[in-house]
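Here is my note on the model you sent. Please read it with the viewer open.

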Amino acid sequence: MKDAANPLTDEQIQTFQRDGVLCVRGVIDLDTCKRMEEACLRLADDPSEHISRRWAGVARPPRGHERIGMALSLDQFREYAFESPLPRLAGALMNTPTVRYFYDQMFIKIHRGTGEFDGTSTAQMATPWHQDLPYWPFDGADILSIWVPFRPVPRDASGLEYVARSHRDPDLYTPFGLKSLRNTVDAPDMDAIRAAEPERFLSWDMEPGDCLIHHPRTLHRSTSNAGENDRVAVSVRYLGRDAIYAPDTIEDLWYPEDIEIGDRGAPVDPHFFPALG
Ligand SMILES: O=C(O)CCC(=O)C(=O)O
């Protein structure tokens, strides 16, 4: 039952548990979407701001795609990640009244028609199939991402696509663009899965303020942007009760310089990962 304490219906929670992904419509109000869209575009135009250490020293880092941890230093992003309906949604799905902010990440996909498009940066390319967990120095099932577009995103113009139930796969898949120290295997043949079980491939036409919530092991991707506008979206990741540090799982930390990750299993630092709710 959906009530004041629980923003989701039992059916929505069951859908998330079954599929590893849930679409919830109209979560963020349109005024907030407009202000977030403007803030993201301002940030994207200022290459000095919020580049992760992964791009340190790169002359022309990808525009937009790699801005992370904005909420740690920018009030508007902090208000969005900490005080919007998002932490409560994450709490409802992870069955806890208190979640921790993990990090936020901006995803701009430049549309192919723009003069800026030369196909060379991640902001211009498709995002390949991946699970999120192999990128993170954390372990656990209670680590959710909430992806919200601030402009309409038709599913075939850089919309996200998911493989339902892949969060139950026993394997972790080798991530692209990062050396994982986990036991990972190559991702399965997605064309073969699509041919055999097309109903598992889920995508949605998204309006500003709709959200997609996914489990840390759910396979997902996005296409490049064949639409007429740049796509502007932010994912906020939240930690629940079973999330623990796992710094031994990746070689290079790519978080903002000032985040410290403790030893495996150590209590999560409330300064970098504040409790919300
Ligand atoms: O926006 C995208 O293209 C990718 C988003 C994503 O992979 C995520 O939020 O985990």
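The points below cover the basis of the model, the chain, the open sheet and the ligand site.

1. Basis. This is a predicted model, in which local features need pLDDT of at least 70, side-chain atom pairs count only at pLDDT 80 or more, and totals for chains, interfaces and linings use all residues. Residues are numbered from 1 along each chain as its sequence is written, and side-chain values use heavy atoms, with hydrogens and water left out.

2. Chain. The secondary structure comes to 5 helices and 14 strands. Helices (H or I, at least four residues) and strands (E, at least two) are DSSP runs, numbered from the N terminus. Of the 277 residues, 56% count as buried, meaning under 20% relative accessible area with a 1.4 Å probe and protein chains only. The chain exposes about 12500 Å², and carbon and sulfur atoms supply 50% of that. Accessible areas come from the Shrake-Rupley method with a 1.4 Å probe; for residues, only the protein chains shown count as cover.

3. Contacts along the sequence. Take contacts (heavy atoms within 4.5 Å) between residues at least 6 apart in sequence: 81% of them join residues at least 24 apart.

4. Open sheet. It has 6 strands in the order β1-β10-β5-β12-β2-β14, with antiparallel pairing. The edge strands are β1 and β14 (275-276), and each pairs on one side only. Two strands pair if DSSP finds at least two bridges between them.

5. Strands β1, β10 and β5. Strand β1 (residues 21-24) is joined to β10 (residues 211-214) by 4 bridges; V21 has H214 as its bridge partner. On the other pairing, 3 bridges join β5 (residues 143-149) to β10, and I146 is partnered by I213. In β1, V21 and C23 point one way, L22 and V24 the other way, and all are buried. In a regular strand the side chains alternate between the two faces of the sheet.

6. Ligand oxygens. An N or O atom in the R237 side chain lies 2.9 Å from a ligand oxygen atom. For H220 the corresponding distance is 3.0 Å. For a polar side-chain atom of D132, the distance is 3.3 Å. Taken alone the ligand exposes 290 Å², and the protein buries 99% of that.

Notes:
A polar contact is a pair of N or O atoms within 3.5 Å; within protein, one must be able to donate a hydrogen and the other to accept it, and residues adjacent in sequence count only if both atoms are side-chain atoms. Buried means under 20% relative accessible area, exposed over 50%, partly exposed in between (1.4 Å probe, protein chains only).
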